[in-house]
Amino acid sequence: MSAQTCPHIDAVTSVKHPRKHECEECVKINSLWVHLRTCQSCGVTLCCDSSPNRHASKHAKSSSHPVIASAEPRERWMYCFPDEAYTEY
Ligand SMILES: [Zn+2]
Ligand SMILES: [Zn+2]
Ligand SMILES: [Zn+2]
């Protein structure tokens with residue numbers, strides 16, 4: 001992926017970090033996840049596309065919240081679903 005921003009990523013002035021290091025939806029259904037992403041519109045932390053339930057991308061589509069940031073401790077990047085834009089910060 002090449003570094004690239006979009007108006008949604010540019011609008012994120014301070015990155016939201018996870019409240020808890022768990023997928024809030026997987027916890028409810030007693031499922032497991034691979035990696036975690038934090039929605040930059042509402043702050044919910046959900047699982048990535050490598051996880052069985054893909055809650056982060058489902059949330060982005062159903063809520064029209066475009067930008068997620070990685071919630072993994074050593075990763076500092078954001079991704080915008082509608083623009084497929086990726087940037088490190
Ligand atoms: Zn965008
Ligand atoms: Zn999940
Ligand atoms: Zn959201």
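## A buried cysteine

C80 counts as buried, because its relative accessibility is 0% (buried means under 20% relative accessible area, exposed over 50%, partly exposed in between, with a 1.4 Å probe and protein chains only). This is a predicted model, in which local features need pLDDT of at least 70, side-chain atom pairs count only at pLDDT 80 or more, and totals for chains, interfaces and linings use all residues. Residues are numbered from 1 along each chain as its sequence is written, chains are lettered from A and ligands numbered from 1 in the order in which they are written, and side-chain values use heavy atoms, with hydrogens and water left out.

## Zinc ion, ligand 1

C80 (SG) coordinates the zinc ion (ligand 1) together with C6 (SG), H8 (ND1) and D83 (OD), at 1.9 to 2.2 Å. Donors are N, O and S atoms within 2.8 Å of the metal (3.2 Å for Na, K and Ca); water is not among the atoms, so sites may look incomplete. Along the chain, the donors of this ion are spaced C-x1-H-x71-C-x2-D. H8 lies in helix α1 (residues 7-10) and C80 in strand β4 (residues 77-80), so the pair ties together parts 72 residues apart in sequence. Helices (H or I, at least four residues) and strands (E, at least two) are DSSP runs, numbered from the N terminus. H8 is partly exposed, at 32% relative accessible area.

H59 is buried, at 15% relative accessibility.
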